[in-house]
Amino acid sequence: MKLIYTKNNILRGMLIYSAGDTIATLIRGELLPLRILGMILLGGTLYAFEIPNYFIWIDQKVTHFKHKKTIKTLLSLCYFNPIWIARHVFFIRLFSHEKIGWFILNIGLKSYIGALPISIFGNFIIQNLIPIKFRFFSSAVFSSLLAIY
């Protein structure tokens, strides 16, 4: 599999992840410039690289399966798992100068379970109705909306 890392995904990741997180912090009455910069960096590097490539991998792996839509949705839900969420929370807390510890895994698990009904629906749409070219954008917007919620 040829890995991709495009300028469009870098810019989308920088803008969307930081915008969603900033809106969420403003709702809580906070404004943390270092956190905004951290989310810009995270969205434009790690997320802009790994997420689009995982979505391409999903498409390649399901070609021989009968229930492609269900499997693509499940693979997406497996990717954005409690540990992935905990890693995201780790970065947020790091950028916010907040306490970091193993309790972040519990936050990841509770967040995953709490958002699961919405995540199933959202990831089904992203994986099955959105062309691959726009899946990272759609996923970033969806993640941002979940952060705001």
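# Exercises on a predicted model

Ser139 is buried, its relative accessible area being 2%. The structure is a predicted model, and the exercises below start from this residue.

**Exercise 1.** Determine where Ser139 lies and which residues it touches.

*Solution.* 
Step 1. Ser139 belongs to helix 6.
Step 2. Buried means under 20% relative accessible area. Ser139 has 2%, and therefore counts as buried.
Step 3. Leaving aside residues up to four places away in sequence, Ser139 is in contact with Tyr17, Ile51, Phe55, Phe80 and Ile126.

**Exercise 2.** Describe the span of helix 6 and the packing of its buried residues.

*Solution.* 
Step 1. Helix 6 consists of 17 residues. From first C-alpha to last, helix 6 reaches 25 Å, close to the 24 Å expected at 1.5 Å a residue.
Step 2. The buried residues of helix 6 are Arg135, Phe136, Ser138, Ser139, Ala140, Phe142 and Ser144.
Step 3. These buried residues pack against helix 1, helix 2, helix 3 (68-79) and helix 5.

**Exercise 3.** Characterise the largest pocket by its volume, its lining and the elements that contribute to that lining.

*Solution.* 
Step 1. The largest pocket holds about 890 Å³ of space.
Step 2. Its lining comprises 34 residues, and those nearest the centre are Ile85, His88, Ser111, Leu146 and Ala147.
Step 3. Two or more lining residues come from each of helix 1 (7-27), helix 2 (33-61), helix 4 (82-95), helix 5 (103-128) and helix 6 (132-148).
Step 4. Helix 5 gives the largest share, nine residues.
Step 5. Sorted by class, the lining has 20 nonpolar, nine polar and five charged residues.

**Exercise 4.** Carry out the analysis for the second largest pocket, giving its volume and its lining.

*Solution.* 
Step 1. The volume of the second largest pocket is about 160 Å³.
Step 2. Among the residues that line this pocket are Ile4, Asn8, Arg12, Phe55 and Phe136.
Step 3. At least two lining residues are supplied by each of helix 1, helix 2 and helix 6.
Step 4. The lining divides into six nonpolar, three polar and two charged residues.

Conventions: Residues numbered from 1 in each chain as written. Predicted model: local features only at pLDDT ≥ 70, side-chain atom pairs only at ≥ 80, totals over all residues. Heavy atoms only, no water. 1 Å grid on protein atoms, 1.4 Å probe; cavity = no way out; pocket = protein on both sides within 12 Å on 5 of 7 lines; lining within 4 Å. Points joined across faces, edges and corners; volume = space filled by probe spheres on them. Helix = DSSP H or I, 4+ residues; strand = E, 2+ residues; numbered from the N terminus. Nonpolar A, V, L, I, M, F, W, Y, C, P; charged D, E, K, R; others polar. Expected span 1.5 Å × (residues − 1). Buried < 20%, exposed > 50% of the residue type's maximum accessible area, 1.4 Å probe, protein only. Contact = heavy atoms within 4.5 Å.
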